[in-house]
Amino acid sequence: MDKKKDLRLGRRAFVKVLGTAAAALPFMGFFKNVRAAEKISPDDPMAQSLKYVEDASKADASIRGGDDRFCHNCMQYTGDPKAEYGPCNIFGGKLVSSKGWCMSWVKKP
Ligand code: SF4
């Protein structure tokens, strides 16, 4: 008799764990998105190859091609232009400085 009770408790505990795991699934997606929205490091190999800088005024002027070129007015920038950082398509949605710049800059239409 006690064994049956133990089994029922075990099954209840299992169902509880399953329910908790199911409830956590949407939050796991949330945390995945938060992770995707990390800032790109200027030390990142791709950032270095594209000469990304967080402060466009520090970019090589001969490569930058104009002092009106910033991430916030680049076609690849999908964030709020007035925000400090926003996602960039080139860096897989990672955040770039709105005052930054890189060699992939293309004027936002
Ligand atoms: Fe900034 Fe555009 Fe380069 Fe992305 S592609 S880092 S938004 S200049």
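In these legends, Ala, Val, Leu, Ile, Met, Phe, Trp, Tyr, Cys and Pro count as nonpolar, Asp, Glu, Lys and Arg as charged, and the others, Gly among them, as polar. The model shown is a predicted one.

**View 1. The ligand and its shell.** Let us start with the ligand, whose shell of residues divides into ten nonpolar, two polar and no charged. Around the ligand stand Tyr-52, Cys-71, Cys-74, Gln-76, Tyr-77, Cys-88, Ile-90, Phe-91, Val-96, Cys-102, Ser-104 and Trp-105. The largest cavity is the space that the ligand takes. Some of these shell residues return in the views below.

**View 2. The whole chain, for orientation.** Of the 109 residues in the protein chain, buried ones make up 22%. Among contacts between residues at least 6 apart in sequence, 59% join residues at least 24 apart. The accessible surface of the chain is about 8000 Å², and carbon and sulfur atoms hold 61% of that surface.

**View 3. Ile-90, a shell residue between the two strands.** Look for Ile-90 in the loop that joins strand S1 (85–87) to strand S2 (95–97). Ile-90 is one of the residues surrounding the ligand. Its relative accessibility is 29%, so Ile-90 counts as partly exposed. Leaving out residues up to four places away in sequence, Ile-90 touches Met-46, Leu-50, Gln-76 and Ser-104. Take Ser-104 as an example: 14 residues separate it from Ile-90 in sequence, while their C-alpha atoms are 7.9 Å apart in space. Gln-76 and Ser-104, both touched by Ile-90, are also among the residues that surround the ligand.

**View 4. Gln-76, a buried member of the shell.** Gln-76 belongs to the loop between helix H3 (61–64) and S1. Is this residue, Gln-76, buried or exposed? Gln-76 is buried, because its relative accessible area is 16% and the cut-off for buried is under 20%. Once its neighbours within four places in sequence are set aside, the contacts of Gln-76 are Pro-87, Cys-88, Asn-89 and Ile-90. Cys-88 and Ile-90 from this list are shell residues of the ligand too.

View 5. Ser-97 sits in strand S2, and with 6% relative accessibility it counts as buried. Apart from residues up to four places away in sequence, Ser-97 touches Tyr-52, Glu-54, Cys-71, Glu-84 and Tyr-85. Now turn to Glu-84, which has its place in the loop between H3 and S1. Glu-84 counts as exposed, because its relative accessibility is 61%. Beyond its neighbours within four places in sequence, Glu-84 is in contact with Val-96, Ser-97 and Ser-98. Between Glu-84 and Leu-95, eleven residues apart in sequence, the C-alpha to C-alpha separation is 9.5 Å.

**View 6. His-72 in the loop between H3 and S1.** The loop between H3 and S1 also holds His-72, which is partly exposed with a relative accessible area of 27%. Which residues does His-72 contact, leaving aside its neighbours within four places in sequence? They are Tyr-77, Pro-81, Ser-98 and Lys-108. The C-alpha atom of His-72 is 7.6 Å from that of Lys-82, ten residues away along the chain.

View 7. Ile-63 has its place in helix H3 and is partly exposed, with a relative accessible area of 34%. Setting aside neighbours within four places in sequence, Ile-63 is in contact with Lys-51, Trp-101 and Met-103. Although Ile-63 and Met-103 are 40 residues apart in sequence, their C-alpha atoms are 7.4 Å apart in space. Lys-51, for its part, lies in the loop between helix H2 (45–49) and H3. Its relative accessible area of 43% makes Lys-51 partly exposed. Do check the backbone here: phi of Lys-51 is near 55°, a positive value in a residue other than glycine.

Note on methods:
Residues are numbered from 1 along each chain as its sequence is written. This is a predicted model: local features need pLDDT of at least 70, side-chain atom pairs count only at pLDDT 80 or more; totals for chains, interfaces and linings use all residues. Side-chain values use heavy atoms; hydrogens and water are left out. A residue is near a molecule or strand if one of its heavy atoms lies within 4 Å of it. On a 1 Å grid over the protein atoms alone, a cavity is a set of points where a 1.4 Å probe fits but cannot get out, and a pocket is an open set with protein on both sides within 12 Å along at least five of seven lines; lining residues have an atom within 4 Å of a point. A molecule sits in a cavity or pocket if more than half of its atoms lie within 2 Å of its grid points. Buried means under 20% relative accessible area, exposed over 50%, partly exposed in between (1.4 Å probe, protein chains only). Contact means heavy atoms within 4.5 Å. Accessible areas come from the Shrake-Rupley method with a 1.4 Å probe; for residues, only the protein chains shown count as cover. Helices (H or I, at least four residues) and strands (E, at least two) are DSSP runs, numbered from the N terminus.
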